[in-house]
Amino acid sequence: MNAPYLETRSLSKAFGGVNALADVSLTVDRGEVHALIGPNGAGKSTLISVISGFERPDSGDILLGGKSVIGRRPYDLVRLGLARTFQSSRPVVGLSVLESVLLGMHIHRHASVLDTILRLPAYRRERSRQEQRALDILRTVGLGSRSRDRARDLSGAQGRSLEIAQIVATEAVIVLLDEPVAGMGATEIGLLADLVLHLRSEGCGILLVEHEMGFIFSVADRISVMDFGRVVDSGRPQAIRESKVVQSAYLGSSYEQQGGVADVVGGSE
Ligand code: ADP
Ligand code: MG
């Protein structure tokens with residue numbers, strides 16, 4: 001079975017007169033990090049919202065594990081192994097860090113409803129097994145000492161690490177990350193790169209929207225470039241780094257203010 005786990009076919013989506021997505025076809029394989037770059041307004045977040053069922057495309061198809069999932073609700077898609085993060089994270093109010101991770105695990109709970117209601121031993125065993133696993137995951141993302149704190153009290157960067165922990169807990173097959181390193185310092189970015197590579201080594205396919213080029217080049221197997229709702233280039237990181245199309249797509253964007261395309265795409269060799 002070599003079919004890509006996630007495939008979009010000619011997805012289009014307009015908001016008023018704006019073509020946020022125009023004929024977007026791409027794939028994400030298991031064990032692959034596919035990065036998506038492009039200027040602000042290119043349609044990257046819209047693509048993630050459409051794939052994850054938060055927005056409906058005007059036309060096109062989305063295949064997950066070879067089956068069309070057009071029209072499926074976000075909750076259904078999570079059950080099929082799709083997980084996403086948001087450009088700004090939204091911790092569930094009132095939950096502790098540990099509870100936030102447990103929240104995603106209910107899908108995989110094996111005790112029956114009756115066991116749960118009666119709090120039978122099977123439920124208690126399952127519950128304690130899950131708490132152990134949640135704590136292990138929190139340690140992996142560097143939040144082991146924060147498990148009892150309220151999720152909303154975490155810093156922005158820690159909130160993103162918590163989101164990764166939640167994704168690991170749901171045992172997702174395809175993970176959609178929307179600008180995960182925003183607001184993070186170098187240490188946290190390094191930790192997140194390790195986590196992304198960890199997810200990949202577990203067989204996850206990752207679609208990564210990001211502006212931070214150092215991060216992208218440290219994790220991406222493939223890079224696609226969007227501009228005005230279209231995929232304008234796609235290839236291995238080295239090829240994209242040298243691509244003229246990429247460089248012209250970035251001209252006039254916010255990258256220019258950061259010192260121009262050469263700094264962003266090519267580094268400063
Ligand atoms: P990116 O994530 O690449 O910065 P977006 O997907 O957020 O781009 O936006 C693509 C285009 O679609 C932009 O012109 C944006 O203003 C527009 N857009 C996105 N979401 C909405 C929405 N919910 N309503 C109206 N316009 C939207
Ligand atoms: Mg965006």
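## Close-up views of a predicted model

View 1. Of the 47 residues in the largest nonpolar core, I206 and F215 touch the most other members. Helix α6 (residues 156-169) is the biggest contributor to this core, giving seven residues. A second, separate core of 24 residues includes L11, L26, V28 and M226. A nonpolar core here is a set of buried Ala, Val, Leu, Ile, Met, Phe, Trp, Tyr and Cys residues joined through side-chain atoms within 4.5 Å. Buried means under 20% relative accessible area, exposed over 50%, and partly exposed in between, with a 1.4 Å probe and protein chains only. In soluble globular proteins, nonpolar side chains tend to be buried together.

A word on the model: it is predicted, so local features need pLDDT of at least 70 and side-chain atom pairs count only at pLDDT 80 or more, while totals for chains, interfaces and linings use all residues. Residues are numbered from 1 along each chain as its sequence is written, chains are lettered from A and ligands numbered from 1 in the order in which they are written, and side-chain values use heavy atoms, with hydrogens and water left out.

**View 2. The surroundings of F215.** Leaving aside residues up to four places away in sequence, F215 touches P180, V181, I189, L192, A193, V196, L208 and E210. Contact means heavy atoms within 4.5 Å. Across the chain, residues 24 or more positions apart account for 65% of the contacts with a separation of 6 or more.

**View 3. An open sheet of four strands.** The order is β2-β1-β4-β5, and the pairing is antiparallel. At the edges lie β2 and β5 (67-68), each of which pairs on one side only. Two strands pair if DSSP finds at least two bridges between them; helices (H or I, at least four residues) and strands (E, at least two) are DSSP runs, numbered from the N terminus. Seven bridges link β1 (residues 6-15) with β2 (residues 18-28), and K13 has L21 as its bridge partner in β2. These two strands make a hairpin with two residues between them, where G16 in the turn has a positive phi of about 55°. On to the next pairing: β1 and β4 (residues 59-64) share five bridges, with T8 opposite I62. Two bridges then join β4 to β5, and L64 stands opposite K67.

**View 4. Helix α5 and its buried residues.** Spanning residues 121-140, α5 has 20 residues and reaches 29 Å from its first C-alpha to its last, close to the 28 Å expected at 1.5 Å a residue. That expected span is 1.5 Å times one less than the number of residues. Which residues of α5 are buried? They are Y123, E126, Q130, A134, L135, I137 and L138. Just after the helix, G142 takes a positive phi of about 85°.

**View 5. Two buried loop residues with polar contacts.** H211 sits in the loop between β8 (205-209) and α8 (213-219), and is buried at a relative accessible area of 17%. Its side chain makes a polar contact of 3.4 Å with that of N40. S243, in the loop between α9 (237-242) and α10 (244-250), counts as buried at 8% relative accessibility. The side chains of S243 and D233 are joined by a polar contact of 2.7 Å, although these residues are ten apart in sequence and 8.3 Å apart C-alpha to C-alpha. A polar contact is a pair of N or O atoms within 3.5 Å; within protein, one must be able to donate a hydrogen and the other to accept it, and residues adjacent in sequence count only if both atoms are side-chain atoms.
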